[in-house]
Amino acid sequence: MNTKWVCIHGHFYQPPRENPWLEAIEPQPSARPFRDWNERITAECYRPNAAARVVDGTNHIIEIVDNYQRMSFNVGPTLMSWMQDHAPDVHAALVEADRASMRRFSGHGSAMAQVYNHMIMPLASARDRATQVRWGIADFVHRFGRRPEGMWLAECAVDTPTLEALAAEGILFTVLAPYQGRAWRPPGGDWRTDPIDPGRPYRCDLPSGKSIDLFFYDGATAQAVAFERLLANGHQIISRMTSRGGIEGGPTLCHIATDGETYGHHHRYGDMALAWALSQVEQGWNGTRLTNYAEVRAKHPATWEVLLAENTSWSCVHGIARWRDNCGCNSGGKPGWNQAWRRPLRDALDWLREQASAALDHVGRMLFHDPWAARDAYIDVVLRRSREARDQFLAAHASHALDAGERVRALSLMEMARHAMLMYTSCGWFFDDLSGIETVQCMQYAARVVQLLEEIGGDPVESELVNRLALARSNLPDEGDGRKVWAQRVLPARIDPQHICAHVAVHTLVEPEAAKSVDVFGYHVDFLDRIERRSGRARMVAGTVRVRSQLTEAATALCFAGLHLGEQHVTGGIRAPMAENVWGVVLDELTGAFKTADVFAAQRLIERHFPGAQLSLSSLLPGSRERVIGAVLGEAIANAESELADAYDTHSPLIRWLVAHELPVPDVLASTAEATLRRRVLANLQSREPSFHQLRDHLVEAAEVRVSLDTPEIALAASEGLRLLLARIEDDGQLDAEVLEMVNAAAEVATRMKSSVDLWSAQNVTWRLLRRLPDLRGKQGDGVTARAAAALERLAGTLRLAVPR
């Protein structure tokens, strides 16, 4: 019998980052070169752990494994929602990993649920606690297709009411830090207060008569993995975890829990160290075996009891003060800073929560049988954003058949209630300053609550909320207090139908399309009428649109008119709809001016009929500006590039002669050569069928004129080009030697670049192709097949994959 059962738990989580009005993440410059932090951490951690490398002593990959299938994990519901849309491969890998772990661990999946939006549960209202658990379970069932056995608590923050909320919904266990057990005892024994042994599960009896099992992880080893570089060696992790003595009556559970981002984001190559550690245990190193928490409690039920240390967490030595007080816990590195802002922020949002709760009680009882039961059920709409989901929800919970206005009010009430929970996401208090992006995010959720509260007919509350926030002060003089942060960082994020209309109007001007409707993040826009005219390079568009929220169904009609005079010159305006006869006159006037090619007359007409509401390229919403501006400036850029290319082709013999004779190349000629060759390489790599033979020719030419093509942009394009080539080979199903040799040549070029070329995807595909190698080798006497096998082996060697013998 194995005496040491090993479990490594990863808590994978990112705070919700979506703009509350758009339901989409705006570009985050601090995450560069990635678009936002979710994308960056997915590339550094979440995706690599689904295909982690195990290497030998020569740094050749000997195995590619899915870490999730062999560890215990939870993924925050808001992060899983983002992955479903933006990293579906990772989302699918996590779901499949849970299914695979059920086969591996006696029918018990390794995935745990999580309280919905990482709210600090002991600081939550009783109703919020219940909804956080219910929404977390509903999200888990929706994604994993089974009910969860365990649930992760945000920051492991816990008190008895929190455990009661878990047990009431059928949750069987949770995981805590070792000091969160106040006392423990063996069956029939006395209570003891010395440090708890993490080697077994414990039963915690609750005042309600229910009970829940608690696992207390190995705190010292978890600390060493997360913060003390123990992760530098996968073997040391397991050696340290299993170095403890055994327990009587069953196997000893050796387990740790850390942030999942430890494995790749916080520590580069942490995914590889984890893969090595899990592989060692899977092979039975020193009598060990892998397990997960659900399997342990099923095979070896908790018989020892524990008393909870109330109001404690895993990341604040003062209990739960980090999320409401200036307790001294922070992320460090800011001498002289304080977090006195935490208390007034908490108090202000608690006050707003009470206003929202009162509105849900009062307004909700006019629309729903039970507004709080409706809020619990609203997660079904959140998980299935569709008209059908809204219809089913209202059919089940509305107190009567709602008219269109009541329907908008009911859905707005539910969105208000949702944002009133999102504003308590724990990261808003975790870090160092009031002006941090996590704290501002929570304040933006609060602003959405304020707006929706007023839209459903509640009293205006913004002024009082801001007065309360003003008691919170930033450590940065330029940020001031909560009032200034609200004005500078919260209010500018607000998006209303006018913003959406302006965005659509500019899009229509610079990227013509005939669609009668368009989706813009969380809005649906219908063109009720539209005219388009062109005069030379100038273009005019005018029309009426209906902007409808896809969440609340609130609709606003607006009209617009705009001119695009070429390149960046965009002008126009938006306003409330005019009377039909007046609008007809305006359109006739605009059309008449354009027919006579009097663009300036058309511009004056727009200024007269659309006062004060101006259109420009800055009207585009974040996330689409770069692409649209690229399209707007495309002709100018193409002309400039063509002129540069002509100049380079004319003077390239001269540049080669200067380089050959070791004479300096004038800056103007060097710049022309650099811009032209880099553009040609990028155009090749970004084409549908990149040519790596051509890339090699470009590299030779670049050396002759002393131009470096080794740039991060070209390295990224080379990574993607290589991925596409191999994906086509895998999809085709045929291993053609000539194609494989071309890919190998491309890989050789990529591996010689100084800028880091990401070979991760190429290695994954090639690793899968290597499974065909035994069949290829088995076809004796077939010269074509032998050549393909040899080409595949060479490609594997280039990508540092160990070839099976």
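Select Arg 244 first: it is partly exposed, with a relative accessible area of 23%. Here buried means under 20% relative accessible area, exposed over 50%, and partly exposed in between (1.4 Å probe, protein chains only). You are viewing a predicted model, where local features need pLDDT of at least 70, side-chain atom pairs count only at pLDDT 80 or more, and totals for chains, interfaces and linings use all residues. Residues are numbered from 1 along each chain as its sequence is written, and side-chain values use heavy atoms, leaving out hydrogens and water.

A salt bridge is a side-chain nitrogen of Lys or Arg within 4 Å of a carboxyl oxygen of Asp or Glu. Helices (H or I, at least four residues) and strands (E, at least two) are DSSP runs, numbered from the N terminus.

Next, select Asp 325 and Arg 343. They form a salt bridge, with the closest N and O atoms 3.1 Å apart. Asp 325 lies in the loop between β13 (304-308) and α10 (342-362) and Arg 343 in helix α10, so the pair ties together parts 18 residues apart in sequence. Asp 325 is partly exposed at 24% relative accessibility, and Arg 343 is partly exposed at 34%.

Then pick Arg 387, Arg 390, Asp 391, Arg 407 and Glu 553. A network of salt bridges links them. The whole structure holds 49 salt bridges.

Move to strand β10 (residues 211-216). Of its 6 residues, 5 are buried. Show strand β7 (residues 173-176) too: it runs parallel to β10, joined by 4 bridges. Two strands pair if DSSP finds at least two bridges between them. Val 175 has Phe 215 in β10 as its bridge partner. Strand β9 (residues 202-205) pairs with β10 in the antiparallel sense, over 4 bridges. There, Arg 203 partners Asp 213 of β10. In the hairpin of β9 and β10, with 5 residues between the strands, find Gly 209: it takes a positive phi near 100°.

Go on to helix α24 (residues 634-660) and select Trp 657 within it. Trp 657 is partly exposed, at 46% relative accessibility. Ala 638 is also in helix α24. Its C-alpha atom is separated by 56 Å from that of Ala 395, 243 residues apart along the chain.

Finish at Asp 732, in helix α27 (residues 712-732). Asp 732 is exposed, with a relative accessible area of 51%.
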